[in-house]
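We will go from rings to charges to a core, one stop at a time.

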Amino acid sequence: MAINSKTRLEALFPQLSSSSYQIKSPATPQYNCIAWAAEEDDRWWEPVPVPGYYWPRRIPREVTLASLTMLFQRLGYRPGADETLEAGCEKIAIYADFSGAPTHVARQLANGKWTSKIGTLEDIEHDLEGLTLSDYGTVAQIMKRSA
Amino acid sequence: MAQTWRTEAAHRSFVTQMAMHPAYQRIIGLGPEVIPLILKELEREPAHWFWALYALTGEDPVPSKDRGKLDKMAQAWLKWGQEHGYQ
């Protein structure tokens with residue numbers, strides 16, 4: 001992977017440089033972190049109330065923790081989990097900024113690491129803390145479902 | 001401005017957040033005269049210009065089955081541009 005990608009990611013997310021992470025895909029604007037957390041990579045899931053974007057029906061079209069929580073509940077996840085790796089469970093983590101507005105979603109992998117699509121950039125495999133103390137803020141909620 | 005926006009908003013997870021970038025807002029602020037330039041940019045390299053196009057035109061040319069599919073969204077807007085004399 002090009003050195004420029006790592007330099008850019010570490011500038012955006014300073015915590016990455018002191019943690020273990022790997023770039024796993026080329027940059028693409030075709031899908032975002034919500035799609036990736038929902039295990040899709042061919043469309044952009046967007047709560048913005050502007051026509052043209054995909055968003056599941058009957059989930060409020062707003063960038064709020066409540067809306068994203070409802071979305072992942074629809075996908076079988078339940079709130080109140082922690083970041084540990086649990087046998088038989090799949091987990092997602094929702095990041096939020098200082099105002100509580102969601103900024104990002106990551107999905108836990110079978111090895112306990114987390115996978116994230118970074119905006120229109122690359123997919124990375126990382127620790128949850130690697131994306132904190134940045135525009136993504138902190139982890140606001142972790143949800144889990146049976147695998 | 002387009003390049004500034006591409007660089008500085010690339011890590012944002014939602015178009016809602018990308019579109020709030022000052023460069024993106026300045027592009028919308030240029031008014032309908034910028035529509036041909038956006039369509040040309042969309043043709044050159046598909047990106048999330050759809051908020052701007054909707055804000056400038058009030059149109060929604062993307063079929064339901066293609067919602068969220070960037071290349072199809074771009075194609076729908078380029079077709080709309082041709083039909084409205086922009087290319």
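Predicted model: local features only at pLDDT ≥ 70, side-chain atom pairs only at ≥ 80, totals over all residues.

Residues are numbered from 1 along each chain as its sequence is written, chains are lettered from A and ligands numbered from 1 in the order in which they are written, and side-chain values use heavy atoms, without hydrogens and water.

**Stop 1: ring pairs.** Rings of Phe, Tyr and Trp (its six-membered ring) pair if their centres lie within 6.5 Å; planes under 30 degrees apart are stacked, over 60 edge-to-face, and the rest tilted. The count is 11 aromatic pairs over all chains. Select Phe13(A) and Tyr136(A): their ring centres are 4.7 Å apart and their planes at 55°, so this pair is tilted. Phe13(A) is in the loop between helix H1 (3-12) and strand S1 (22-23) of chain A, and Tyr136(A) in the loop between strand S6 (123-126) and strand S7 (138-146) of that chain, so the pair ties together parts 123 residues apart in sequence. Helices (H or I, at least four residues) and strands (E, at least two) are DSSP runs, numbered from the N terminus.

**Stop 2: charges over rings.** Here NZ of Lys or CZ of Arg must be within 6 Å of the ring centre and within 35 degrees of the ring normal. Select Lys6(A), whose charged end sits over the ring of Tyr21(A), 4.6 Å from its centre. Then show Arg107(A), over the face of Trp36(A) at 5.1 Å from the ring centre.

**Stop 3: the core.** A nonpolar core is a set of buried Ala, Val, Leu, Ile, Met, Phe, Trp, Tyr and Cys residues joined through side-chain atoms within 4.5 Å. The largest one has 33 residues, and those touching the most other members include Trp5(B), Tyr24(B) and Trp51(B). Its largest share, 7 residues, comes from H6(B).

**Stop 4: a helix.** Finish on helix H3 (residues 65-74) of chain A, with Leu68(A) and Phe72(A) among its buried residues. After H3(A) comes Gly76(A), with a positive phi near 100°.

Conventions: Buried < 20%, exposed > 50% of the residue type's maximum accessible area, 1.4 Å probe, protein only.
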